[in-house]
Amino acid sequence: MTINTAVKNGECWEIQLGEKFDFSVVTDFREAYSDMPASIKEIEVNLTDTLYMDSSALGMLLNMQKVLAGKQLRYVISNCRPAVARILEISRFNKKFDIV
Amino acid sequence: MFQILIVDDEYINRCMLREMLVAAGYEDVIEAGDGQSALEMAQEHTPDMVLLDVMMPGLSGLEVAPELKKFSPDCYLPILFITALDDQASLVKCLDAGGDDFISKPFDSVVLIAKIKAHERSRTMSLELAEKNESLFWYRQDVERNHRIVEHIFANAMAESETLDKHFSYYIQPETRFNGDVLLCEKSPVGGAYLFVGDFTGHGLASAIGAIPVAKAFTAMAKKGLAVEEIAAELNKILLEFLPADMFCVACIVEIAPSGTRFTVWNGGLPRLVVRDTLGNIRHKIESRHMPLGILGTHEFERNVEHVDAQEGDRLLVYTDGLMESTHPELGGLGEEGVEKWFSEHCLTSARAFVDLASEYRQGQPATDDITIVLYRCEPFRVINEPDINSVLLVPFKTEMVLTNQHLKHTNVADFIVQKLSNLEGLEAIRSEVFTVITELLNNAIEHGLLKLDSRLKDSSEGFEEYYRLRAERLEQLTMGHVKISLNCEPIQRLLTISVFDSGEGYIAEPVVDLSDDTHGRGLLLLEEFCESVAIEEGGRKTVVTLSF
């Protein structure tokens, strides 16, 4: 699996993607946030390794927010490489995610 | 064994001396009856001491003594003159000739042996000293040779970087022959650059050795385009393994985006990085937020980086503490504030200018630490990376492929195309964009053209999953249809045209209405932003886009 998850600082659920974030990881990404500890207050999607991304990844990110809509969570996307940052910027993702 | 040469023309004298010596335990005694044979024997046997008669037929003792001394230039060879003379002038002559002491005739055994013992001690000490000198000489030769080897390896590891020379103004001033400071630069595969500025604890050979694995690993990782935090974590791991516990490396790793205006920084202990705008205002200060490399274990290592945006024409300054430690006899240390004041107030366009100011500030005192300064003027790398038309063969490239339902069942068709295109001059730099564009085009053709999926399904979260479940199911069942991809690369105009045609019924995507909410419709928007032109033809069955690079 190209997606890793970990609890950071007790409250942050970190989802780290691999080199490619496209529809081939739809199921893996859905599973990455399906079983989080209750203490989680923040989800950080770490794109440090991600070189390739397409619009289905954007769909997956928004869908995650819809699925988890009942919880009060902060959503963060971190460590974007320039090409990925541009995709998020074009799609105005800064309105729904804290991009750091 | 301590060997004594007796030189006397009178047999009886030689016999008496030999007996006294043997009685005192000096058993290794050799004899010569005249000056000439004394010299021959001395050359052959290298005795430890010579008892030399002054008056002999042929060569006299006074003539033989200086010659004997010549056989032992580095080491004390005691010569004791055997003499019946006791006038001052004769004794002085003996000493002038190289004699070290006298044995008066008639011989007194007690005095003779006492004198021999005294000179034996000097001879032994002198021999030991000569031996130590010799081993010291070899040791120094060895150190010198090792230095030369390390210097050679170091020079190769720190091979000059073309990127560094072309885009950066830099200065490295070693405080000793080997530098504890390390400056590395490497082009990134996406068209920007990576910079490593490090300062190992200490100076000299030991710190230079630590730099070698760092340089190799950094270059390899930069060429692969790894993220800054990955590079930092890996270098930390390497140094942790390589360096002794009391040695570490203060360092900063910067990735500069192809635009030249976005920096990703991991700073572990270096003075804060500064970005200055064209008017002299300090736009950013990027403080050190981490422990130096080579201290923390892999599990406790902090990877987080900072992203900083600048504007074209801004300047980024990175330096090691040698600069801020410059001390004025009255004003004291320069400090980070002092460096930033210079940076802000003076229009310093070269690293050398900082060094000159620092040396003026020190008022003639030498620098106490290595100084490294790097100055970067923000400008797009792409412009500078323009290939030299004369040196690169710019051949147009055109290809076409028809993908049947069998091919389309593989998810990595886009990978295949991107990999092939990346080999073309100039396209490596935009491989991420090419991937996004090709994936969008391909997914549109497959999902809407061939599989007739409706994007609106994706609007609810249940539908989103259903959409991708249906996609997999229908693709599996697909028995007909194909997708035709044409690629046309014009390296001189720097244009890449991609056309994707599907054998479906035609489909026109709805424009996205609300960017922040709809889970679909962003694909077309990305295409429009990434491409110079997007044309939908043949009733939505064919999309032609052009990318510039």
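I looked up helix H2 (residues 35–45) of chain B against helix H3 (residues 61–70) of chain B: their axes come within 10 Å and cross at roughly 10 degrees. Axes here are lines fitted to C-alpha atoms, for helices over the stretch in contact, with angles from 0 to 180 degrees between N-to-C directions. That makes H2(B) roughly parallel to H3(B) (angles under 35 degrees count as such). Helices (H or I, at least four residues) and strands (E, at least two) are DSSP runs, numbered from the N terminus.

The model is predicted, with pLDDT of at least 70 needed for local features and 80 or more for side-chain atom pairs, while totals for chains, interfaces and linings use all residues. Residues are numbered from 1 along each chain as its sequence is written, chains are lettered from A and ligands numbered from 1 in the order written.

Next I checked which residues touch (C-beta atoms, placed from the backbone, within 7 Å). From H2(B), B:Gly35, B:Ala38, B:Leu39 and B:Ala42 meet B:Glu63, B:Val64, B:Glu67 and B:Leu68 of H3(B).

Then I turned to the sheet. It is open, with five strands in the order E18-E19-E20-E22-E21 (chain B) and antiparallel pairing. Pairing takes at least two DSSP bridges between two strands. I noted strand E18 (397–404) and strand E21 (533–537) of chain B as the edges, each pairing on one side only. Twist averages 10 degrees from one strand to the next.

I followed E21(B) to strand E22 (residues 542–548) of chain B: five bridges join them, and they run antiparallel. B:Val534 stands opposite B:Val545 in E22(B).

Key
Angles under 35 degrees count as roughly parallel, over 145 as roughly antiparallel, 65 to 115 as roughly perpendicular and the rest as oblique. Two residues are in contact if their C-beta atoms, placed from the backbone, lie within 7 Å.
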